[in-house]
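Colleague: I am new to this structure and would like to learn how to read a sheet. Could you take me through one?

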Amino acid sequence: MNKAFVKESDGEDDDDVPALPALPKGTRNYMTPAGHTRLRDEWTQLMNVERPSVVQIVSWAASNGDRSENGDYLYGKKRLREIDRRLRFLTKRLEIAEVVDPALQPNRAQVFFGATVVYMDRAGDEHTVTIVGIDEAEPLQGRISWVSPVARALTKAREGETVTLRTPAGIEELEILEVHYPD
């Protein structure tokens with residue numbers, strides 16, 4: 001059967017690239033100024049440094065003749081596809097980005113995007129989280145996405161309040177101890 005009629009990969013694009021979280025439909029891509037700068041810097045690095053370097057290697061490898069067994073050529077083409085895929089992703093995310101500076105938050109007593117919150121769970125353990133954009137989230141470093149269940153439970157609450165977090169293990173009560181924003 002002709003390959004045009006079968007939805008199969010020819011093995012070239014079988015990269016195991018982890019899927020990044022999609023934005024919820026109808027929402028904006030909120031991010032902090034630092035997160036926006038980091039994505040923009042990554043785009044610039046890929047476009048102005050890495051991509052031209054890989055293109056040069058692929059060009060050199062292609063000039064050596066037989067491309068079917070040329071490791072530099074094959075790896076270079078694969079790396080070029082990875083770079084282009086990441087550039088497309090970054091371009092789309094930066095185009096729809098809405099930069100929100102938490103330092104400009106007028107209502108600092110309530111939890112909103114960019115807030116750093118210290119809360120205590122039912123077991124008495126204290127946790128500190130900062131609510132950031134989807135592309136900036138690093139849960140192990142205490143930076144959680146504004147669409148995460150914990151962030152949604154904390155949003156709009158105030159210091160001293162108790163909020164309800166629904167988890168697969170059941171309902172958990174979180175007591176908000178501190179709310180602060182960067183200066």
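This is a predicted model: local features need pLDDT of at least 70, side-chain atom pairs count only at pLDDT 80 or more; totals for chains, interfaces and linings use all residues.

Colleague: What is the order of the strands in the open sheet?

Modeller: The order is β5-β4-β3-β7-β6, five strands with mixed pairing. At the edges lie β5 (143-145) and β6 (162-167), each of which pairs on one side only. Neighbouring strands are turned against each other by 45° on average, with direction ignored.

Colleague: In which sense do β3 and β4 pair?

Modeller: Residues 116-120 form β3 and residues 126-132 form β4; their pairing is antiparallel, over five bridges.

Colleague: What do β3 and β4 form, and how many residues are between them?

Modeller: They form a hairpin, with five residues between the two strands. Gly-124, in the turn, has a positive phi of about 90°.

Colleague: How do side chains sit along a strand, and is β3 mostly covered or uncovered?

Modeller: In general, side chains of a regular strand alternate between the two faces of the sheet. As for β3, four of its five residues are buried, meaning under 20% relative accessible area, so the strand is mostly covered.

Conventions: Residues are numbered from 1 along each chain as its sequence is written. Side-chain values use heavy atoms; hydrogens and water are left out. Two strands pair if DSSP finds at least two bridges between them. Axes are lines fitted to C-alpha atoms, for helices over the stretch in contact, and angles run from 0 to 180 degrees between N-to-C directions. Buried means under 20% relative accessible area, exposed over 50%, partly exposed in between (1.4 Å probe, protein chains only).
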